[in-house]
Amino acid sequence: MRHTRPPGVESFRDRARRALADERLRQAVRITADGKVEARRAAFAQLAELAAGGWAPGDFEALRRRAHAIKMASLDDLDRLVAKAAASIEARGGHVWRAARAEDVARIVEGIAKRRGARRLVKSKSMATEEVELNARLEAAGLEVVETDLGEFIVQLAGERPAHIVTPCIHKSRDEIAALFSRLVGRPVPTDTPSLAVVARQVLREDFLQADIGVSGANFVVAETGSVVICTNEGNGRLVSSAPPVHVVVAGIEKVIPSLADLPVFLELLARSATGQAITVYTHLVTGPRGPGELDGPEELHVILMDHGRSRILASPYREVLACIRCGACLNHCPVYRQVGGHAYGSVYSGPVGVVLAPLLEGERASDLPFDACSLCTACTDVCPVGIPLHELILRHRADRVRSVGRGPAGFGTALELGAWLWRSPWRYRASLRLARMGARAARRWGAAGGDGWLSSLPGPLAPWTWGRDLPEPSQRSFWELWQRGEVLLGEGRRAVAGCGRSGTPPEPPPPDGPPRDDPPAPGGEASRQASLDLARRIAHFTQMVERLGGRVHRVGDAQGLPAALASLCEAVAPRGGRIVMADDLDLAPRELAEALRRRGLSLYWTGGGDVPEPGPDRVEAWRAEARRAAVGITVGRYAVAETGSVVLLAGPGQGRLASLLPAVQVTVVRESDVLASLEELARRLGAEPLPSSVAIVTGPSRSADIENDLVLGVHGPSQVHVVLVGGHDDAARRDDLRA
Ligand code: SF4
C-alpha cells in the first residue's frame, strides 16, 4: 500500500499499539468515559422530564433537530453572519481581526502583546488555539503562556497535548499529577484530588491577577449582539475574560450563530452532552470591553475570527462537521477511542470528530487516522447533539482514501469485490457463511485460530483485513436463524438493545415527577407554556435545582429584612473578623448591612461606601485587592432561572465581576419576581435591551472533574453558593427612596 504519511510522523497503528499495552492508561480512559456516558444518559433523561413538565423547550431529539437546523442555516449563510458578527463586535467597542492561517493568529496576538508591553498571558481551554499551536508560537516569541483550566494546566506541566476535548488530562493518574505539582511548588503534594485542586488554585490565582492578557476561545459568537459566549465549569474562562486588562478571543468562524434566541438550544445540549450537567457553571456572555463606571473587566477586547481551513471544509462534502460544538460525547461513546485514548490519534482532535476533522485540517499528517478501525457502530452519530452524521463522514473518508491511495495490496481489492458480490444475494450470503464457518473450524483444528472467538490473521489476499484488527469468528447461527427460532432478545433485553439505538436516550423515559403542575403542558405555544408556570412553582423548582447543585436558597420576606438576613448568613459562612465585599447596589442597604456585620465581628467593603477612593485606576486596584482578600462576595442577580438553578449577573456602573469570582463564598440576592422559568425566557428578556459588557449565568459552585473524574468544588471560583430570594413588591419604591 502506498503511504501518504510524511516521513518521521509515527503511524496510528504504532501509537495505538503502545496505548493498548498501557493497562493503566486504558483503565483511566475507560473510567472517565464511563462516568461521562452515564452522566449524559441521566442528564437527557432528566431533560425529557423537564420538557414534559414544561420547563425545558424539548427533549434531546427535538433540541438536536433544532440545533442541526440552526447550524446548517448558519453555515449556508456564513459569510454574511461573520460580517454581521464583526460589525456588532466593533459597534460595541471591540476590535475584530481576521486570521486565514495558524501563523496569522499568533502574529495578531504577538502584535497586541507588543503594543501593550505584555509579557504574561493566561489562557482558558480552547481547541481553536490548540489547533494553531498558539502556545508554542507565542513562547517562541518570548511570551509566557499559562493554561488555567485544571486539566490543561496539568497537560502543560507535563509537556503534552490534551487527550480529550473536554477532559484534557483523562490519561493522567492522581499520582502522576501529584508528582508534577510537587516539582512545581518544590514540596511534596498529597495525591488526593482536593489537595491537588488547592495547589492549582493557589498557583493560578496569582497568574490571573498578574497577567497582562487573557486569551480564550469561544463556544459561540452571537452575530446579532456581537457577544462572545464562553462556557466553563471552573470559572477560569470568566476570570481570563475579567481580570486581565486585555481579553483576546480566538474563535473559528463556524462558531457564529445568528441570534441570542438561538443560544438556549445549544446551552441545553452542550453541557448535558459533555459532562451530564444541565448547563456549565459559568456561561459568560462578553459583549465589548468594560463599560463606563465598571470596576473590572478588560479595557480592550480583541476577537480573532479564524478560518484555518474552514472555508475549504465548508465547500466540501464534509461541511456538516463544522456544526460541531466540541462536546466530546462522540469520544466517550466510541469503542476505538475508549480503548486507545486521545494521544493515539496524534492530532489535536481525536475520537470520531477527530477522524473526520483532522485530515481536513492537517492533510497528510493525519492521513492514517483509524478510518478502518471504525466499526461503523454509529454510536457517535447517535449521541451527537447537533446531528452530525459522523459515521457517514468517516465512511466518505474511507472512500476518498481508496480513491487516492488505491485498494491496498494486490488481490485485496478483488477479494473485497468478491465479498460484495457474495453478500448481495441471500443464498450466496448463506453459502459464504457456511464456508466461513467451515474455514474457522479448520483453522481452530490446525491451531491457526486462538479458540477465543477471534481470528487474528486471515489467509491469502484477505490478510490485510486483520493487519490492524481481529475478526470475530463467524457465528454458528446467523441472526436470521436465531430470529426464526424465536431466540432473539425480547422484552427488557430488546428494550436494552434498542436503548443503544439512534435516539441515544432510553426509548421509554420514566414518567415525569419534576415540577408540580396542575395542568398538562399548555398547547398554545411558548407564551402560554411560560404563563402556566406561576411564581410559586418557579421558586420551588429553582430552589430544588440550586440545592441539587450543592447550593442553598434562603427566603427573605421583603427588602426591609435583607440587611439582618445577609449579616446572619455571612456570620455563618465567614471566619470571625472576615471581610465581605459588595459591589455598589443601594438595594442592599449597605449602611444597615455594614452595621449589622460590624455587630457580628465582620467588616464590609462596599464600592459605593465611605472608605472607597475616588474613581480611577486606584479605585480599580483597591477593588481587586479587596475582592481578593474577602471571604464572602455579595452580588445582586438581575434574574434567576428556575429550569437550571442559575443566577444571572449583569455588569454595570459601580459593579465588579470579581465579587462573584475571588471570594470562597458567593451570595447572590435576587428578587423573587425575577425568577424566570427557562433559559429561553432569559434569552428573550436579555434580548429586549442592549446587553451589558458582561452577562454571567452562574449555576452552582465552581467545579472540576478533570482529575480521574473526581468532582472537586471551588477550583478557581467560589466553593459555596447561596442565593437569597427577596419577596415583597415594594423593591422599586424602596430603591427610589434610598436613591433620593
Ligand atoms: S461531533 Fe458531535 S458529539 Fe462529537 S464533539 Fe462534535 S458536537 Fe460533540
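**The sheet**

Select the six strands that form an open sheet with parallel pairing, in the order 13-24-19-16-14-15. Strands here are DSSP runs of E with at least two residues, and helices are runs of H or I with at least four, numbered from the N terminus; two strands pair if DSSP finds at least two bridges between them. Strand 13 (552-556) and strand 15 (603-606) stand at the edges with a single partner strand each, so one side of each has no neighbour in the sheet.

This is a predicted model, in which local features need pLDDT of at least 70 and side-chain atom pairs pLDDT 80 or more, while totals for chains, interfaces and linings use all residues. Residues are numbered from 1 along each chain as its sequence is written, and side-chain values use heavy atoms, without hydrogens and water.

Next, select strand 19 (residues 665-671) and strand 24 (residues 720-726), which pair in the parallel sense over seven bridges. Within this pair, Val667 has His722 of strand 24 as its bridge partner.

**A buried glutamine**

Now select Gln277, in the loop between helix 12 (263-274) and strand 9 (282-286). Is Gln277 buried or exposed? Gln277 counts as buried, because its relative accessibility is 10% (buried means under 20% relative accessible area, exposed over 50%, partly exposed in between, with a 1.4 Å probe and protein chains only). Beyond four places away in sequence, Gln277 touches Asn233, Ala271, Arg272 and Arg703, where contact means heavy atoms within 4.5 Å.
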